[in-house]
Amino acid sequence: MKIDKDLIQLGLEIETSDEVIRKLAGMMESKGIIKNTYIQAVTEREKVSPTGLASKTIGVAIPHASKEHANESAVAIGICEKPIKFQHMGGVGPEVDAEIVFLMAIDDPKGHLSFLKSVMGILQDGDLLAQIRNSSSKDEVKQLMEVALEG
Amino acid sequence: MFFKRDKKEKAAKVKKAPMVPLSVLTVCGSGTVTSTMIGEKIKTQLGEKGFLVKITEVNSGGVETAMSTGKFDFIAFTSPVPGNYDIPIFDAVGLLTGLSEEKFIEDVLKSLTDLGKYQG
C-alpha cells in the first residue's frame with residue numbers, strides 16, 4: 001500500500017472515534033478512494049468488531065470496512081493530539097487510548113493482509129511508534145511508514 | 001557413547017510420532033483478514049508441537065453455522081464471538097499483534113493437555 005501525504009493529518013484534536021473516522025475518511029472521499037457507503041460501514045463495523053490495539057506504549061486503531069465500500073486501497077493516517085478511545089479488538093480488555101489511527105480503505109484483501117502485517121510489526125516497535133506519534137511533518141510520517149512497510 | 005545413542009533414539013521417536021489432527025475455527029470481523037493471519041500463526045506454532053492443524057475462517061456472524069455443521073477443537077478470535085459454545089475459546093489478538101504470542105500458545109496447549117490431546 002502506498003503512503004500518500006495528502007492522507008496524513010497531524011495534531012488532531014478530536015473527541016470520539018466516530019469523528020476521527022469521519023475526518024480521515026473526508027480526505028479519502030475528496031480523492032474518490034471511497035464510496036459514499038464507506039463511513040457508515042466503518043462506524044457500524046467498529047461497533048461489532050472494534051479495532052483498537054494496545055501496545056506496550058502507544059495505542060493505535062485500524063478502523064476499516066469490507067471491500068465493496070472502497071474504489072481502491074489506501075490508508076489515511078491520523079496523529080491525535082489527545083488520545084481517542086477505541087474499544088479493543090476482540091472485544092476483550094480495556095478501552096484503548098489511540099494516538100495513531102490508521103483508517104484503511106480496502107479493495108484488495110491481499111494487499112490489506114500485507115499492510116496489516118506491517119502495522120503489527122510497527123506495534124511491536126515502541127521507538128518507531130513514538131517517532132510516528134511525535135512527527136513534526138507529514139513528510140516525516142510518510143518516510144517512517146515507508147521504511148516500516150519495506151521491512 | 002550411551003548418551004549419543006539415546007539422543008539418536010529420541011530423535012527417531014520424535015520423527016515417527018504421528019501428527020495429531022486439530023481443527024480450529026478462527027473468527028474475525030471480515031472472516032478473511034485477521035482470521036487468516038492468526039490461522040497461519042496457529043498452524044505454524046502448533047505444527048511445531050506435533051499438531052496437524054486445519055483452519056476454518058469465518059466472520060462473527062458465521063460462527064453459529066460453522067459450529068452446527070463442523071466439529072472444532074477450539075475457537076480463536078479477533079472479533080467478539082456471539083453465543084456460548086462448549087469448546088475452548090481464546091482471544092487471539094495478542095497472537096495477531098505479537099504482544100502476547102507465547103501466552104496464547106501456552107493457554108491453548110494447557111487446554112489441549114486438559115482435553116488429553118497433548119502430553120507436553
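1. Y85(B). In this predicted model, Y85(B) counts as partly exposed, because 14 other C-beta atoms lie within 10 Å of its own, and a residue is called buried at 20 or more and exposed at 12 or fewer. Y85(B) sits in the loop that links β3 and β4 (89–91) of chain B. Apart from neighbours within four places in sequence, the contacts of Y85(B) are M67(B) and I75(B). K71(B) is 14 residues away from Y85(B) along the chain, and their C-alpha atoms are separated by 12 Å.

2. Make-up of chain B. Five helices and four strands are assigned in chain B. Read from the N terminus, their order is α-β-α-β-α-β-β-α-α. Of the 120 residues in chain B, 35% are buried. Among the contacts in chain B with a separation of 6 or more, 52% are between residues 24 or more positions apart.

3. Strand pairing in chain B. Strand β1 (residues 20–28) of chain B is parallel to strand β2 (residues 51–59) of chain B, and nine bridges connect them. One position that can be checked in this pair is V20(B), which stands opposite F51(B) in β2(B). Between β1(B) and β2(B) the chain passes through helix α2 (residues 34–47) of chain B, and this β-α-β crossover is right-handed. β1(B) also pairs with strand β3 (residues 74–77) of chain B, again in the parallel sense, through four bridges. There, V27(B) has F77(B) in β3(B) as its bridge partner. As background, the strands of a sheet pair through backbone hydrogen bonds, in either a parallel or an antiparallel sense.

4. Make-up of chain A. Chain A has five helices and five strands, and from the N terminus on the elements follow the order β-α-α-β-β-β-β-α-α-α. Buried residues account for 42% of its 151 residues. Where contacts in chain A join residues at least 6 apart in sequence, 72% of them join residues at least 24 apart.

5. Overall dimensions of chain A. Along the principal axes, the C-alpha atoms of chain A fill a box of roughly 35 × 30 × 30 Å.

6. The sheet of chain A. Five strands form an open sheet with mixed pairing, in the order β1-β4-β5-β3-β2 (chain A). The edge positions belong to β1 (8–12) and β2 (52–53) of chain A; each has a single partner strand, so one side of each lacks a neighbour in the sheet. The partner of β1(A) is strand β4 (residues 74–86) of chain A; the two run parallel and are joined by three bridges. Within this pair, Q9(A) is bridged to G78(A) in β4(A).

7. I77(A). This residue belongs to strand β4 of chain A. I77(A) is classed as buried because it has 24 C-beta neighbours inside 10 Å, where 20 or more are required. Beyond its neighbours within four places in sequence, I77(A) is in contact with L7(A), I8(A), I100(A), F102(A) and V141(A). M89(A) is twelve residues from I77(A) in sequence, and the C-alpha to C-alpha distance between them is 18 Å.

8. The nonpolar core. The largest nonpolar core holds 74 residues, and V60(A), V75(A) and V101(A) have the most contacts inside it. Strand β5 (residues 96–105) of chain A is the biggest contributor to this core, with eight residues. V75(A), leaving aside neighbours within four places in sequence, is in contact with M1(A), L7(A), F102(A), L103(A), M104(A) and F115(A).

9. Contact between the chains. Chain A puts 19 residues into the contact, and chain B puts in 17 residues. On the side of chain A that touches chain B, α2 (38–48) and α3 (109–123) of chain A each supply at least two residues. α3(A) gives the most to that side, with seven residues. By type, the residues on the side of chain A that touches chain B comprise nine nonpolar, seven polar and three charged.

Technical notes
Residues are numbered from 1 along each chain as its sequence is written. Chains are lettered from A and ligands numbered from 1 in the order in which they are written. This is a predicted model: local features need pLDDT of at least 70, side-chain atom pairs count only at pLDDT 80 or more; totals for chains, interfaces and linings use all residues. Two strands pair if DSSP finds at least two bridges between them. Two residues are in contact if their C-beta atoms, placed from the backbone, lie within 7 Å. Ala, Val, Leu, Ile, Met, Phe, Trp, Tyr, Cys and Pro count as nonpolar, Asp, Glu, Lys and Arg as charged, and the others, Gly among them, as polar. A crossover is right-handed if, with the strands pointing away from the viewer, the path from the first strand over the helix to the second runs clockwise. A nonpolar core is a set of buried Ala, Val, Leu, Ile, Met, Phe, Trp, Tyr and Cys residues joined through C-beta atoms within 7 Å.
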